[in-house]
Amino acid sequence: MGNIMKKEYSWKLDYSVSVGDVYTRFYEGLKEKKILANKCAQCNRVYVPPRPFCDICFVEPLEWIEVNPTGIIQTYTITYFKFENLPDPPYVTAVIKIDNSATSLMHFIGGIQYNEPNELSEKVKIGMRVEPVWSDERTGDILDIKYFRPSK
Amino acid sequence: MPRKVAVIGVGNTQAVSAFSETREISQIAFSAIYAATKMAKVSMHDIDITFFCTVDGFEGTNRLDRTMNSFGQSSHNPVVMVNTGGTGGASGFKEAYHYVASGFCDVAMVYGNSTGASVVNGQQILNTASPPLFEKPFGIGALQMAAFYATRYMHEYGATEEDFALAAAKNHKAAAKNPYAHFRKGYSFEQILASPMIGWPLRRYEICPISSCASAIILASEERAKELSDTPVWIMAVGSITDTFQTGYRDYIGFKQLRTLSEKLYRATGINNPLKEIDVAELFNPFSPFELWEYEALGFCDEGKGSQLIRDGVTDIDGELPVNMSGGTLCTNAGISASLNRIGDVALQLMGKFEGIQVRSPRIGLAHAWGGNLGQFNSIAILAR
């Protein structure tokens, strides 16, 4: 018998989901370069991004507040390998806690020297304070923040 | 009161790279299931229910019909689909246990599919495991999730890249002796440290391959198990725990949910000193440092001390508690099969039938699986000879 044959087929599915009133308000805030959060009246936890309900107390609604957009890096990784449909390497993805949030946000880290890729792990630190760099064209999306950079 | 349930059959297939797989997927299923039924001395007609474990998307057919040809059809048994991401095999095992323990069924089969054998780009599906609005856009696959924990672990406890490489070397050494493993080159500590950085701080040989293989396990009630098997392995306890989908709640310091789960199961089984009382373990380690965090969460050592167990040889073949004598998920990861393999390999060790590094006369074994969005699910099975 000759070589075992392969056959190709695909499963392409597109999705469109309602993001609801809570996330819509958050996205609207991003357009205005504001990070809006919400706060549980029962436990006082602040959520960035906001939550439709406090899933610890299991109550709604939550009180809206605007938070200081600077954050602290909780942890990070640097991707050096090209994965299909993921960004071109190297890139730094960090877990960032904004202001006094009970939860963290994931985002890219920029504003650091990328020309020495092997030294990137020295340029980013856990505990580093970072601030958002806003995109000029904001559409109401988490990527309205281009990336976070070390704050001055 | 739950009935006693035993594992009486385990079937595995030789793992290969998913990219060089030449078997059709139902043939892989047939091999695993056939081997399990032979060991269990049952026919397909003896099986009352089958649990099929896989992850949507990986096979490109939602109801996974291609593989279903290989079981249940002639005997008209119900087939139940279980999907908890990478934990799937262990979750299916837990459900099978419940069905038999409750008395609804006498013989149940769990099948863990070769998840990686079909999809061209698995990272794309792993990326869809992330919450789509807030986390998916940031280049996150399973690797990055693991790396978040690794970076934080280094920060908290002063762990080093060498610690991760040592953990990897132990697995590669064991896999070299496991005829079913995928990576069997036995990469050394030096070779691992010299392998390219893929996602800081994890290197190529500290990251699992995408394998193709499958596994099946057959469980039976006490009465049937005693009738059919000379080496039944009794299920002492099985449990699972769920974390939030949104990963923003994680502090990335250790596997806290796993700790909670292990404490619960140790109480249920009367295990006071897991390191001394458990004789063999298979822990889910698609990335080498996982094994260290699992030692800690499972109470084998204090927080931050995982690599000391490896340095002291405590978890190697001659140590107090040999862990991952199969080479672990690090050396063979066919997706869902990997979580079921953890249980199957522990059962084989307890039967004295493990074909790689067989631990000397183990009495109690522990199997762990991890999966979903960033450890959203953890599962443990504690088995005894």
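I take the radius of gyration over C-alpha atoms, and the globule rule is 2.2 Å times the number of residues to the power 0.38. By that rule a compact globule of 152 residues would have a radius of gyration near 15 Å, but chain A has 19 Å.

**Ground rules.** The model is predicted: local features need pLDDT of at least 70, side-chain atom pairs count only at pLDDT 80 or more, and totals for chains, interfaces and linings use all residues. Residues are numbered from 1 along each chain as its sequence is written, and chains are lettered from A, ligands numbered from 1, in the order in which they are written.

**Chain A, overall.** I looked up the extent along the principal axes: the C-alpha trace of chain A spans about 70 × 40 × 30 Å. I then looked up burial, where a residue is buried if 20 or more other C-beta atoms, placed from the backbone, lie within 10 Å of its own. Of the 152 residues of chain A, 31% are buried. For contacts I use C-beta atoms, placed from the backbone, that lie within 7 Å. Among chain A contacts between residues at least 6 apart in sequence, 49% join residues at least 24 apart.

**Chain A, elements.** Helices (H or I, at least four residues) and strands (E, at least two) are DSSP runs, numbered from the N terminus. I find two helices and eight strands in chain A, and their pattern along the sequence is α-β-β-β-β-β-β-α-β-β.

**Chain A, one sheet.** Strands pair if DSSP finds at least two bridges between them. I noted an open sheet of three strands in chain A, with order β2-β1-β3 and antiparallel pairing. Since β2 (46-47) and β3 (63-67) of chain A stand at the edges, each with a single partner strand, one side of each is left without a neighbour in the sheet. Strand β1 (residues 35-39) of chain A is joined to β2(A) by two bridges. I checked A:Asn38, and its bridge partner in β2(A) is A:Tyr47.

**Chain B, domains.** Domain bounds come from an automatic or database domain assignment. For chain B that assignment gives domain 1 (5-120 + 211-233) and domain 2 (137-208 + 237-384). Their C-alpha centres lie 23 Å apart. In chain B, 37 residues of domain 1 are in contact with 31 residues of domain 2. Which element gives the most to the side of domain 1 that touches domain 2 in chain B? I find that α3(B) does, with eight residues. Elements giving two or more residues to that side include β1 (5-12), α3 (88-101) and β9 (215-221) of chain B.

Definitions and conventions
Two residues are in contact if their C-beta atoms, placed from the backbone, lie within 7 Å. A residue is buried if 20 or more other C-beta atoms lie within 10 Å of its own, exposed if 12 or fewer, and partly exposed in between; C-beta atoms are placed from the backbone.
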